[in-house]
Amino acid sequence: MDQACKRKQTDNLTMIIPEINNQAYTYRPGELLPELEGHISRGRFERVLRNGDFAVTAELAPPDSTDRNEVFEQAALFDGFVDAINATDGSGANCHMSSVVVCALLSYIGYSPIMQISCRDKNRIAIQGDLLGAGALSICNVLALTGDDVSAGDHPEAKRVFDLDSISLITLIKKIRDEGSFLSGRTITNPPQMFVGTSINPFVPPVESRILQLEKKINAGANFIQTQYCFDMPMLKDFMSKTVDKGLTEKAFFLPGVGALASSRTARWIKNNVPGVHIPDSIFQRLEGAEDQKKEGQKICTELMQEVKEIEGVSGVHIMAYKQEECVAQMVKDSDVLGGRKPWSPKDEY
Amino acid sequence: MYRARLFASRHARAYEVIYNATSPVILSTLRVINKITKGKLDRPITWFEKIIKGFLFDCQMCGNCVLSSTGMACPMNCPKTLRNGPCGGVREDGNCEVKPEMKCVWVEAWSGSAKMKDNLAIQEIQFAVNHTHQGSSAWIRLAKENKQII
Ligand code: SF4
C-alpha cells in the first residue's frame with residue numbers, strides 16, 4: 001500500500017484515551033514493522049521467535065463489559081514481561097468480549113496480540129471476514145482452534161457451528177495469505193500477512209497419535225504451536241523428543257502452555273470441568289501439602305517455566321493464568337526465563 | 001448402528017480389503033446404470049447407499065465420503081464433525097468430550113487406520129465438508145466425476 005496514504009489514516013485515528021495506571025497511552029493503530037526477509041508477518045512476535053529469543057506469551061481474559069479500559073488494565077499487567085498477548089475467543093464456550101475487538105484495542109496501543117479463532121461459533125464466511133478485518137487493524141498473529149463444545153459453557157442450548165476444523169482453518173488462512181484469494185477463488189487485494197498458530201494437547205487420548213496430528217497441523221501450515229496446560233513434565237518431554245526426532249521443531253515454533261492453579265480445589269474443578277486438562281496426582285499432593293496453596297500454585301508454575309525452557313526444541317512458554325493475571329509478571333521474573341531480555345512495553349514507548 | 005460402527009474401525013483392515021475389491025465394481029456398475037437411465041435411478045441408489053452405509057458406519061450422508069482415509073470411522077459422528085483428527089477435549093478413558101457415553105470417533109479412527117495397509121491416508125488433509133453435497137450420494141457423484149472411491 002501507498003506509504004503516504006497509510007500514514008494519513010494513522011494520523012486521523014490518533015486520539016488520547018483516559019489515563020490508566022497514571023500512564024497516558026496514545027491511541028493509534030499499531031504500526032506494522034518493515035518487511036523482513038524470511039518473515040511471514042510484520043509483527044513483533046514472529047521477530048522475537050526468529051531471533052532465537054525465548055518468547056513469553058500470556059493469555060488475556062476478555063471482559064464481560066464494554067469498558068475498554070478493562071482490556072488495557074489487564075494488558076498493562078504484562079508490560080515488559082510478555083512478547084505477545086492471546087485474546088481468547090469465547091473460551092470454555094462462555095460469552096465475553098470478542099477476540100477480534102480485544103486484539104484491535106491491543107494493537108492500537110502497539111501490543112502484539114494473538115487473535116484466537118474458535119471454529120465453534122463462526123462459519124467460513126464470517127471467519128474470512130474477520131481475518132481481513134484483523135489485517136486492517138495490524139493484527140499479525142492468529143491461533144486456529146477447534147474450540148470447546150457449547151455444552152461446556154453458559155449457553156449449552158446454542159447451535160454449534162464447526163463448519164471448519166482447526167486444520168481446515170489453518171489451510172484457509174494460509175490460502176488467503178499466500179494465494180491472495182478467498183476460498184471461492186475471488187481475489188483479495190492486500191491479503192493479511194498472518195503468522196499462524198494452533199494448539200495441540202499431547203496429554204489426552206489418543207496419546208500415541210497426537211504426534212501424527214501435530215505433523216498434520218504443521219503440514220497444513222502452522223507456524224507456531226501453543227499447547228494445552230502442561231503439568232506433566234515427563235509426558236511433555238517425551239512428546240517434545242518425538243517432535244524433535246520428526247524434524248517438526250525446524251518447521252514450527254513450540255510454546256508449551258503453563259498455568260498457575262489457585263488451590264487444589266480449583267485444580268480438581270478444572271480437571272473435572274474443563275475438557276482436556278490433565279493434572280497428575282503429584283501436583284495435587286504438592287498443593288494440598290502447602291500452607292499457602294495459591295503461592296505454591298505460582299511456585300509450581302514458575303518451576304514449570306524453568307523446566308520448559310530447558311527442553312530441546314522449545315522456543316518459548318505460554319502462560320494461562322486465569323484470574324491470576326496480576327501474578328504473571330512476578331512469575332516470569334522469578335523464573336528468569338527471559339534471561340535479562342525485556343520485551344517491548346508501551347511504557348518505554350510513550 | 002453404534003456397535004456395527006465400532007466393529008468397522010476395529011476390523012478396518014478387513015473392511016479395507018472389501019472396500020478396495022468392491023468399490024471399482026460399484027462405481028463401474030453405477031456408470032453403466034447412469035448411462036442407460038440418465039440419472040433416473042439416482043434416488044433409489046442414494047436410498048440404498050444410505051441404508052447400507054447407515055447400518056455399517058452410522059453414515060450421515062454428508063456426500064463427501066472419506067471413510068477409507070479415516071480408519072473406517074465416519075468423522076460425521078464426531079459432534080464437532082472434525083475431519084482431520086481429534087479435538088483436545090477427549091476424556092481420559094478415550095470417550096468423547098461432548099457425549100461421554102460414546103468412544104471418541106477419532107480414537108477409533110486412529111486405531112482403525114493403524115491396522116490398515118494404507119495407514120498414511122489418514123495424514124492427508126481433508127478440507128472442510130462441502131455442504132452442498134449434504135444428503136446426496138457420494139457414490140453417484142464419484143461415478144459421474146469418473147473418480148475412484150476415496
Ligand atoms: S472427543 Fe472426539 S468425537 Fe468427541 S468432539 Fe472431540 S474429536 Fe469429536
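1. A quick definition to start: a residue is buried under 20% relative accessible area, exposed over 50% and partly exposed in between, using a 1.4 Å probe and protein chains only. A:Asp149, at 0%, counts as buried. Please keep in mind that this is a predicted model, in which local features need pLDDT of at least 70 and side-chain atom pairs count only at pLDDT 80 or more, while totals for chains, interfaces and linings use all residues. Residues are numbered from 1 along each chain as its sequence is written, chains are lettered from A in the order in which they are written, and side-chain values use heavy atoms, with hydrogens and water left out.

2. A:Asp149 has a salt-bridge partner in A:Arg160, at 2.6 Å from N to O; a salt bridge here is a side-chain nitrogen of Lys or Arg within 4 Å of a carboxyl oxygen of Asp or Glu. Both residues sit in the loop between β6 and α6 of chain A, so the pair ties together parts 11 residues apart in sequence. A:Arg160 is partly exposed, at 31%.

3. A:Arg286 and A:Glu303 also form a salt bridge, their closest N and O atoms being 2.8 Å apart. This pair links helix α10 with helix α11 of chain A. A:Glu296 and A:Lys299 join these two residues in a network of salt bridges.

4. Now to the chain pairing: 29 residues of chain B are in contact (heavy atoms within 4.5 Å) with 32 residues of chain A. There are 0 salt bridges between the two chains. By class, the side of chain B that touches chain A has 14 nonpolar, 9 polar and 6 charged residues.

Terms used
Nonpolar A, V, L, I, M, F, W, Y, C, P; charged D, E, K, R; others polar. Helix = DSSP H or I, 4+ residues; strand = E, 2+ residues; numbered from the N terminus.
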